[in-house]
Amino acid sequence: MRIITLFIFSFVTWCLLVWPYNGASGTLDMQIIIFGVLASALVTWLFHEILITHPHKWYDIKRYFWILCYLPVFAFYCIKANIDVVYRVLHPKMPIRPGIVKVKTTLKSDSALTALANSITLTPGTLTVDITENGYLYIHWINVESEDVERASEIIVKKFEALLRRIFE
Amino acid sequence: MGIFYFFFLMLLASSFMCLYRIGRGPSAPDRTVAVDILGIVVVGFCALLSVMTKKDFYLNIALAWSLLSFIGTIALAKHLQGRRFDE
Amino acid sequence: MSNAVGLSMITLGILFNFFGCVGLVRLPDIYNRLQASTKCVTLGTSLVLMGVVFMNGFCSISMKAILCMIFILVTSPTAAHAISKGAYLSGVELWEGSVVDQYKAHVKEEER
């Protein structure tokens, strides 16, 4: 199962990389297709044990729908973060109050934690420094609003947790 | 096409600021950050060149450059953490 | 029409790139620099690649640009996370104006 999933994934990536020879004009270039199959087979043979851990999640249509819902939220916070950074950098006195705080998350799986850490890094004023085993994240905050664990979790983590749980768990 | 020279000028200014941080950075992590950012700025250069010349191989360069820059940054970060590269 | 949209997106992205690098020079310590530069340069370069997609339509350039954009959006925060952890463990202190540091207790506990 995981072998088939990884093979399909790498072959789709290959087809995107060699796009104009492949389907756009209606003709298939056999040489490129054969080489793509060989390259995907090599990747699958080498990495199928570490890259894909739960193959049934890749065939769940609902997860792709929630990814589509997640993208606008993420884009909104991303642009807000950039405007925030530009304001802080161009202000002559630089209104920053940095510090490292600790927040708690209820997500468990590795991919969900990775996605959460990356989203936190790209959203306003926060940067993930470390993730511990028991569900705590250490976050560098450029403008500390609260040092309490519960309150900080509510401000930083809560806006992504519900959507990410639907996507990855 | 005139506006593209403005774009290239801005990106050139950005990369010179990265070079300033690489040269002046008080500690090793500062230099690592600047090298990482310089790699992503170069990807922007390649994208602009591909628009200007309508050739797609500049984006192959951009893909390979972002991969190599990521791997180099991770290796430097592992070195900073005091661990070996294969852990 | 799509040409104008693409050009304005590229302009916005280049401006974000520039201000991110200004932050890299101006801000006082490594963690703040990492925040400003990672956020701004990641979104700026993604916007430039998005503008490339809009200006070229549906062809090989757009496909490669989309792949490159996904790749940058995934790897750049990961690299920032690795650098910040490495900087803390190699002994770089926070800026003296920092308010709170709850990570120090965790590092001391790990060392024990």
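**View 1. Chain B and chain C bury about 3700 Å² between them.** Of this area, 80% lies on carbon and sulfur atoms; buried area is the accessible area (1.4 Å probe) that two parts lose on being put together, summed over both. The structure is a predicted model, in which local features need pLDDT of at least 70, side-chain atom pairs count only at pLDDT 80 or more, and totals for chains, interfaces and linings use all residues, while side-chain values use heavy atoms, with hydrogens and water left out. Residues are numbered from 1 along each chain as its sequence is written, and chains are lettered from A and ligands numbered from 1 in the order in which they are written. Chain B brings 42 residues to the contact and chain C brings 43 residues, where contact means heavy atoms within 4.5 Å.

**View 2. One salt bridge crosses the interface of chain B and chain C.** A salt bridge is a side-chain nitrogen of Lys or Arg within 4 Å of a carboxyl oxygen of Asp or Glu. The partners are B:Asp30 and C:Arg33, with the closest N and O atoms 2.3 Å apart. Between chain B and chain C there are four residue pairs in polar contact, both residues being at pLDDT 80 or more. A polar contact is a pair of N or O atoms within 3.5 Å; within protein, one must be able to donate a hydrogen and the other to accept it, and residues adjacent in sequence count only if both atoms are side-chain atoms.

**View 3. On the side of chain B that touches chain C, the elements giving two or more residues are α1 (2-24), α2 (28-53) and α3 (57-80) of chain B.** Helices (H or I, at least four residues) and strands (E, at least two) are DSSP runs, numbered from the N terminus. The most comes from α2(B), with 15 residues. By class, the residues on this side of chain B are 27 nonpolar, nine polar and six charged. Ala, Val, Leu, Ile, Met, Phe, Trp, Tyr, Cys and Pro count as nonpolar, Asp, Glu, Lys and Arg as charged, and the others, Gly among them, as polar.

**View 4. B:Leu38 lies in helix α2 of chain B.** Not counting residues up to four places away in sequence, B:Leu38 touches B:Ser15, B:Cys18, B:Leu19 and B:Ile22. B:Leu38 and B:Ser15 are 23 residues apart along the chain, and their C-alpha atoms are separated by 6.1 Å.

**View 5. Chain B has three helices and zero strands.** Its elements run α-α-α from the N terminus on. The radius of gyration of chain B is 15 Å, well over the 12 Å that the globule rule gives for 87 residues, so chain B is more spread out than a compact globule. The radius of gyration is taken over C-alpha atoms, and the globule rule is 2.2 Å times the number of residues to the power 0.38. The C-alpha trace of chain B spans about 50 × 30 × 10 Å along its principal axes.

**View 6. Chain C has four helices and zero strands.** From the N terminus on, the order of elements in chain C is α-α-α-α. Chain C has a radius of gyration of 18 Å, whereas a compact globule of 112 residues would have one near 13 Å. Along the principal axes, the C-alpha trace of chain C spans about 60 × 25 × 15 Å.

**View 7. Chain A has six helices and three strands.** These elements run α-α-α-β-α-β-β-α-α from the N terminus on. Chain A is more spread out than a compact globule, because its radius of gyration is 21 Å, well over the 15 Å that the globule rule gives for 169 residues. The domain assignment, automatic or from a database, gives domain 1 (2-57) and domain 2 (60-168) of chain A. The C-alpha centres of these two domains lie 33 Å apart.

**View 8. A:Arg88 forms a salt bridge with A:Asp84.** Their closest N and O atoms are 3.3 Å apart. Both residues lie in helix α3 (residues 61-90) of chain A, four residues apart, about one turn of the helix. Over all chains, the count comes to three salt bridges.
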